[in-house]
Amino acid sequence: MSLHSARAAALLAWVNSTKVCPDPLNDLSQLQDCSVFIRIIHKIHGSKERESVLEQPLPERISFIHGFLQKHCRHKLAAENLVSAQKLLDGEELALAKVAVLLLYHTSMSCKNPGDWNEFDYKTQVELASILKFVLDNEECLNENLEPFLQRKAEPSSSSMSSSTFEERSPLFSLPYKRELRFPELPRTSSFPSTNLPSTPSSPMGDIMQTPQFQLRRLKEQLAFERVNREELEVEVAENHKLIMEKDAQITTMQQRIDRLVKLNEKQAEDQLESKEIEELREKNESLVGRLHEAFRQCQDLKTEKAQMDRKISQLSEENGDLSFKLREIASNMVQLQRALNELSEEHNTAMAQSQEKQRQLEKELHVALQDKKCSEEKIEILQGKISLLEDQLAKLEECSTQEKGEVMGDILKLEELKQEVSSLTAKGARLEEEKQQLDSLVTSLQSSLSESQRARERLKRDLQARAAEGQA
């Protein structure tokens, strides 16, 4: 199965971003001679063997890369089990992609300032972030899972796909991961369903590097690196101490020899040895004294170096303790803030559901009140027309005889009833208007309450992000 095209392109874009080669690479096969990997190692770790290694044949270059991965990467079996030397020698693209993944992971973990990820387009950042997230989630089974992950067939997509759809299709935004990565995006985007704000994160790589999972792993990597340095220094100090002991033994032996020569010289002087033999003994004595002074000087140098090593070990121990305390403090703060955020989210979601239901009910009642008001106004208009017609008829009847007036008395009563009905309607309309104003006031109050809840949640999110930034510093 061929490589996942989007992930291969993202890895190639990251390699080009390191700017270790003069011309950008267009294909992973161009990494076959491993020289680009060695230059990346030199840039991120300051390796002094770069020039000499680049002059070596390809097998020696691959051996150097294996050694680096075994020493500096968390995955100790990566060089032997995960990345095959023979496949690298054959230039297999899958093996080259594996080395690029491990170097990307190591760079992100070890560099204090990993660079500006915004130089990559959004799709590339999503792929790089998914690679980092995959390595974090599969540390114990990377040998079995990395190869299928890099070969996974790409899902169909289009350039017009929305950012939310792209996030859902990417492995980075699967359901378990969404709970971990959503909160760094909160200060920029809102998860409320009633808002129309954009939901696309500005930098997926920046977001994943701000997650507690990544920050804790980064601190653990730094602690492990400092621990390895301390162990190496302790081994070096032990070797120096052993050398000092050997030098002390040599000095003792030389001192004994000098003592014997001095006694022999005194005895020979007493026996009146020939001047030539005495001169030879004197020269030997001076030579041994000179060697003794040189041994003393070397011993002093070793003792000075040992004292420096002891001070450095003490300093590293103190820094290690500070890092451990800081790690525990950050982890505790992260847990507390995350718990508070989860509680506030649950309360907000509950209040949101209740408020939406209440708003729908109020809107329905308002709609019914407006319909009643409209019907009443229509009835009033009809009744007022009838009243006007009857009033005109009454005006004409006033000119008629008294007998005719008695005949139309029923119309006059009908007119009085219409006027009462109109008065009862212009009053019902007033009550409906008052109810409408009360409903409007309730809707406004509800919206104000929701806004205050949203502001409180955003303040907590900013506090959580500040804690994460403090842990990274």
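Modeller: Among contacts (heavy atoms within 4.5 Å) in the protein between residues at least 6 apart in sequence, 77% join residues at least 24 apart. This is a predicted model, in which local features need pLDDT of at least 70 and side-chain atom pairs count only at pLDDT 80 or more, while totals for chains, interfaces and linings use all residues. Residues are numbered from 1 along each chain as its sequence is written, and side-chain values use heavy atoms, with hydrogens and water left out.

Biologist: How many helices and strands does the secondary structure come to?
Modeller: The protein has 16 helices and 0 strands, where helices (H or I, at least four residues) and strands (E, at least two) are DSSP runs numbered from the N terminus.

Biologist: And what share of the residues is buried?
Modeller: Of the 473 residues, 36% are buried, which by definition is under 20% relative accessible area, with exposed over 50% and partly exposed in between (1.4 Å probe, protein chains only).

Biologist: Which residues have the most contacts inside the largest nonpolar core?
Modeller: They are Phe37, Leu103 and Leu150, in a core of 57 residues; a nonpolar core is a set of buried Ala, Val, Leu, Ile, Met, Phe, Trp, Tyr and Cys residues joined through side-chain atoms within 4.5 Å.

Biologist: Which helix gives the most to this core?
Modeller: That is α7, with 12 residues.

Biologist: Is α7 itself enclosed or open, and what is its span?
Modeller: Of the 18 residues of α7, 16 are buried, so the helix is largely enclosed by the rest of the structure. From its first C-alpha to its last α7 reaches 26 Å, close to the 26 Å expected at 1.5 Å a residue, the expected span being 1.5 Å times one less than the number of residues.

Biologist: Back to Phe37: what is it in contact with?
Modeller: Leaving aside neighbours within four places in sequence, Phe37 is in contact with Leu31, Ile65, Leu96, Val99, Ala100 and Leu103. Apart from that core lies another, of 10 residues, among them Leu223, Leu327, Leu337 and Leu464.

Biologist: New topic: how many aromatic pairs does a search of the whole structure find?
Modeller: The search finds 1 aromatic pair, taking rings of Phe, Tyr and Trp (its six-membered ring) whose centres lie within 6.5 Å, with planes under 30 degrees apart counted as stacked, over 60 as edge-to-face and the rest as tilted. The pair is formed by Phe134 and Phe149 and is stacked, at 4.0 Å centre to centre and 10° between the planes. Phe134 is in helix α8 and Phe149 in helix α9, 15 residues apart, and both residues are buried.

Biologist: Why is α8 described as largely enclosed?
Modeller: Because 13 of the 16 residues of α8 are buried, the rest of the structure largely encloses this helix.

Biologist: Last topic: where does Leu362 lie, and which residues is it in contact with?
Modeller: Leu362 lies in helix α14 (residues 275-397), and at 5% relative accessibility it counts as buried. Leaving aside neighbours within four places in sequence, Leu362 is in contact with Leu439, Leu442 and Val443.

Biologist: How many residues apart in sequence are Leu362 and Asp440?
Modeller: They are 78 residues apart in sequence and 8.7 Å apart in space, C-alpha to C-alpha. Asp440 has its place in helix α16 (residues 409-472), and at 31% relative accessibility Asp440 counts as partly exposed.
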